[in-house]
Amino acid sequence: MQTNLADFIRNTPDGKEADAILRNCVHCGFCTATCPTYQLLGDELDGPRGRIYLIKQMVEGAPVTRSTQLHLDRCLTCRNCESTCPSGVQYGRLVEIGRKITEEKVPRPFSQRMVRRLLASFVPNSALFTPTMRLGQHVRALLPKKLRDKVPARQRPLEWPTAKHPRKMLMLAGCVQPSMMPNVNIATARVLDALGVETLVAPEAGCCGAIRLHLGYNDEALDDVRANIDAWWPYLEQGVEAIVMNASGCGATVKEYAHLLRDDPAYAEKARRVVELTRDISEILPEFEEALVAHSRRRSIHTVAFHPPCTLQHGQQLRGKVEHVLTALGIEVRLPADSHLCCGSAGTYSLTQPKLSYALRDQKLERLRAQEPQIIVSANVGCIAHLQSGTSTPVAHWIELVEHMLST
């Protein structure tokens, strides 16, 4: 695809990156076949190829309209198109550039500005989010269904392991997971403890930056990124083996830190080191397969349906690892039809685009239920909460299942 960048973006970092990405696109349209919003809406402009054309027009100086903004807003950023693209087009990075331009050039309606500002200020701030979530869980039965869908039932926390081990890994607790689903982090620490690894958490680390980044608050998102690097750096200097991620959305974002801070002389090198050490828990456990099998005791769960989050299979390009671990533990893992498609959660998407989000959820649950599982498992807090809101079948993080099988 040939481009002729406008003066406002020519020779800027975003302009150079957009130009390189656009030039890789060959208009083949393979991406439309795997785009969830295109499949639902049937509009070329609600598929990757159409959005790429819109972004091309923007960077070439064409007027940016509210319609353009709407089509970019509807994108889930699931990056399924990247897995499909034969030319290696980095659509996820391109659409973030396009969104940045539309935020600068197209004023949003007041109601949208307020909602997005509230989400960007509230969700990543655990000091605000945690007490609000706990209150919501306390009165959950009294909440209207739409609000109750956003408030998972309160978990009874497991005990955090207290043993010390020579091997140490650092874990990102996250901004919403400790209050919504605390046992995901605790289960991760307990599994690693059983394998002789001590899990550390940096108290000052917070949101990975994804929430604000995808809502268009780029400077605030980069502040989140730098704050995490500052919080983690002393642990890295002390020699932790890895930075463990058990929320695939966070993992996909943290693995982008080097790119996000590529032009920051104070943080670029540190960001590269963080990315080198960042690993999803599904990347770590296969190294301990023999020990996991030896420790495994319980067999009450025999069949699970696995929903691989987009941020795991497309964002991080990790496929088959969760299934491998669970299968080694004697569990039959069933993938639903169209397992490559998004469930509709996509961070704050279910709040900003509820109609599309719930349509995708119901479609995904229909395919998961067809597998007749005892339990549905996934690898991201948002996907788990979103799916659970539409089914009575238990939905959990797969690491909780592993912990259950290791406990006595």
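Tutor: Ser-339 lies in the loop that runs from strand E6 (332-334) to helix H21 (349-352); helices (H or I, at least four residues) and strands (E, at least two) are DSSP runs, numbered from the N terminus. The model is predicted, so local features need pLDDT of at least 70 and side-chain atom pairs pLDDT 80 or more, while totals for chains, interfaces and linings use all residues. Residues are numbered from 1 along each chain as its sequence is written, and side-chain values use heavy atoms, without hydrogens or water.

Is Ser-339 buried or exposed? Its relative accessible area is 17%, so Ser-339 counts as buried (under 20%; exposed is over 50%, partly exposed in between, with a 1.4 Å probe and protein chains only). Beyond the neighbours within four places in sequence, Ser-339 is in contact (heavy atoms within 4.5 Å) with Pro-308, Gln-313 and Lys-364.

Two cysteines also deserve attention here. Cys-310 is buried as well, at a relative accessible area of 9%. The closest cysteine sulfur to that of Cys-310 belongs to Cys-342, 3.8 Å away, and this is too far for a bond, because a disulfide is a pair of cysteine sulfur atoms within 2.5 Å. Elsewhere, the sulfur of Cys-85 has its closest cysteine sulfur in Cys-28, at 5.8 Å, and is therefore also too far for a bond. The structure as a whole holds 0 disulfides.
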